[in-house]
Amino acid sequence: MQSYREREIACLAPYAMFSADSAGREHGEEEHTYRGPFQRDRDRILHSAAFRRLSGKTQVFTGSMGDYHRTRLTHTMEVSSIARTLGRALRLNEDLIEAMALLHDIGHPPFGHAGEDALQECLRDEGGFSHNQFALTLVRELEHPYPRFPGLNLTREVLEGQIGRALKLTRPQTPLLEAQVVDIADSITYDAHDVDDAVKLTLLTIDQLKDIALVADCLRRVEDRSGPLEGKILRRALVHELIDYQVGNVVDTTIGRIREKNFTSAQQARLSELTVTTDKAMHQGKKELESFLYEHVYRHPQIVRGRHRAQSQLRSMFSFYCEHEGQLPSKFHSRIKPIGIRRTVADYLAGMTDQFFLQQYQRHNAA
Ligand code: MG
């Protein structure tokens, strides 16, 4: 049997994060016979309750708008797939990438960014609420699958990737290349699937998108390859091209930068502040597409209406639980003293799926 160490030596580039160099876990554990530490982290995240709940959480479009569009879970699976494609092309550690990708949105409250903004406002005087930070609370405190300690006891590298997301601009060092791959895969993924979902839901037409240089480039590439297309075949071809074109650009740009440097370790790549990125023109194109989506999709009257409704329901449930501590599940009671009732309530609400939240809302409002 080939050990995971031998496999990594055979497949990974010297600048990848090798399992053998991991800084380990907070609580010491014996090594697994044939699964590497990042592979085990991937499995721990995949088997967590918080991960399963992603299937009931809004990405952008809510359940009442149909069943074609992405949920937070299918978004996460797409991010993981694109990130692994990038990782394999760049010869990085795919197990680490997959673990970080599956983890990246686990802390999202119900109703997507609308939910996060509402909780942020509720906790304004207590340091605010961030889904990136809450992901850490989930995997370090609230998940409890092992008898010896709370949390999933993930490796420091996977936790550090998530801490970097939570700190964003104030993070102390350049993230590992594997963490950067997940970040860029996330943005490639949502840009492409939000176009797909918005066109499918008729919030947008492909005609409206044609003035965006990146979309125009992709449409030209599709037509060169397949001739003139229309309707849903064109929509799907455009979405595939948006992904493939950007992924190809990240691989070419990043490999070019890596070749100039000749790194012999992950640490060296990190100290050189190497970034995994697109070239300048693609970066500009992505920004243009994102501001278009912001204006025409995320601020679409249909989305804004749902957003306001969800936020007022969240605010009302927040006040309800703050005034009725006894209604919280017992596992949250012991948290009130150390972290305060307001943070405890926000954590409870943030862990809910859209549907479970609405059931609680109806139950307490009918009472
Ligand atoms: Mg995401």
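Is Phe-320 buried or exposed, and at what relative accessibility? Phe-320 counts as buried because its relative accessibility is 17%, where buried means under 20% relative accessible area, exposed means over 50% and partly exposed lies in between (1.4 Å probe, protein chains only). This is a predicted model, in which local features need pLDDT of at least 70 and side-chain atom pairs count only at pLDDT 80 or more, while totals for chains, interfaces and linings use all residues. Residues are numbered from 1 along each chain as its sequence is written, and side-chain values use heavy atoms, with hydrogens and water left out.

**Aromatic rings**

- The whole structure has 7 aromatic pairs; rings of Phe, Tyr and Trp (its six-membered ring) pair if their centres lie within 6.5 Å, and planes under 30 degrees apart count as stacked, over 60 as edge-to-face and the rest as tilted.
- One of these pairs is Phe-129 with Phe-134, which is tilted because the ring centres are 5.7 Å apart and the planes stand at 45 degrees.
- Phe-129 has 5% relative accessibility and so counts as buried, and Phe-134, at 3%, counts as buried too.
- Phe-320 and Tyr-321 make an edge-to-face pair, because their planes meet at 75 degrees, with 5.3 Å between the ring centres.
- Tyr-321 has 0% relative accessibility, so Tyr-321 counts as buried.
- Phe-320 and Tyr-321 belong to one aromatic cluster with Phe-332 and Tyr-348.
- Over the ring of Tyr-68 sits the charged end of Lys-200, 5.2 Å from the ring centre (the test is NZ of Lys or CZ of Arg within 6 Å of the ring centre and within 35 degrees of the ring normal).

**The magnesium site**

- Four atoms of the protein are listed as donors of the magnesium ion: His-75 (NE2), His-104 (NE2), Asp-105 (OD) and Asp-186 (OD), at 2.2 to 2.4 Å from the ion.
- Donors here are N, O and S atoms within 2.8 Å of the metal (3.2 Å for Na, K and Ca); water is not among the atoms, so sites may look incomplete.
- Along the chain, the donors follow the spacing H-x28-H-D-x80-D.
- Asp-105, in the loop between H5 and helix H6 (112–122), and Asp-186, in helix H9, link distant parts of the chain, 81 residues apart.
- Asp-105 and Asp-186 are both buried.

**The cavity**

- There is 1 cavity of 30 Å³ or more, and the largest cavity has a volume of about 60 Å³.
- On a 1 Å grid over the protein atoms alone, a cavity is a set of points where a 1.4 Å probe fits but cannot get out, a pocket is an open set with protein on both sides within 12 Å along at least five of seven lines, and lining residues have an atom within 4 Å of a point.
- The residues lining the largest cavity include His-104, Arg-165 and Asp-183.
- Helix H5 (94–103), helix H8 (156–167) and helix H9 (177–200) each give two or more residues to this lining, and H8 gives the largest share, 4 residues.
- Helices (H or I, at least four residues) and strands (E, at least two) are DSSP runs, numbered from the N terminus.

**The second largest pocket**

- This pocket has a volume of about 350 Å³.
- Of its 22 lining residues, Thr-62, Gly-63, Ser-64, Phe-111 and Asp-354 are the closest to the centre.
- Helix H15 (301–323) and helix H18 (354–366) each supply at least two lining residues, and H15 gives the most, with 4 residues.

How values were computed
Points joined across faces, edges and corners; volume = space filled by probe spheres on them.
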